[in-house]
Amino acid sequence: MLLSELLTKLTCGDLEGEELDDAVAAITHAPSAPRDEWIDSDAQAYALEMLSQLAGHMASSDKLDELHEQIQDMFDEFPDFPYALLKDSARGMLPYFEWLDTELAQRAVDEGGYDLIQIDGSGSDEMDALVVYRRDTNDIIQAAALMGVTINRPLTYYRGIEAMVGKRPG
């Protein structure tokens, strides 16, 4: 998959024309001129530049309810943050991401629903998340991996944590 196709899928087609061309050029050249001194690999340079180029299309926060507000702003109508789901802290954030997955799947049904993905690599505690078409999620993850950029589904991540925690001895 071409980088332009990946960026198009990451923005559900919102990034196009000259803006898309500029983003492709910036990401392509990122390893030759890294944004920060701490970047020590091409993959980090790609990830950081990708985050920069997609900033206007993503939700980003270190607080889950603030991240939710940004996701909520992406839609005409979207439920408020479900604080009651997180009262049982034994399951961590998994109940929220399960709830969010159901909400996103019910939108853009003709495109297979939406999905939430996260790009790793900012070097901060922020969760940098994008709402993408569910049908594109696997292609996005695989194409980004070819660049060394890690993209995952928070739902899958938190399900994995819960599974590991459930297997700990006593």
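**Close-up views of a predicted model**

View 1. With a relative accessibility of 16%, D101 counts as buried (under 20% relative accessible area, with exposed being over 50% and partly exposed in between, for a 1.4 Å probe and protein chains only). D101 lies in helix α5, residues 94–105, and, leaving aside residues up to four places away in sequence, touches D115, R134, R153 and L155, where contact means heavy atoms within 4.5 Å. The model is predicted, so local features need pLDDT of at least 70 and side-chain atom pairs count only at pLDDT 80 or more, whereas totals for chains, interfaces and linings use all residues. Residues are numbered from 1 along each chain as its sequence is written, and side-chain values use heavy atoms, with hydrogens and water left out.

**View 2. The open four-stranded sheet.** The strand order is β1-β3-β2-β4 with antiparallel pairing (pairing requires at least two DSSP bridges between two strands; strands are DSSP runs of E of at least two residues, and helices runs of H or I of at least four, numbered from the N terminus). Strands β1 (59–61) and β4 (151–152) form the edges, each pairing on one side only. Five bridges join the antiparallel strands β2 (residues 114–119) and β3 (residues 127–133), and I117 stands opposite L130 in β3.

**View 3. Contact between helices α1 and α6.** The axes of α1 (residues 3–10) and α6 (residues 137–146) come within 10 Å and cross at roughly 140° (axes are lines fitted to C-alpha atoms, for helices over the stretch in contact, with angles from 0 to 180 degrees between N-to-C directions). The contact is made by L6, K9 and L10 of α1 together with D139, I140, A143 and A144 of α6.
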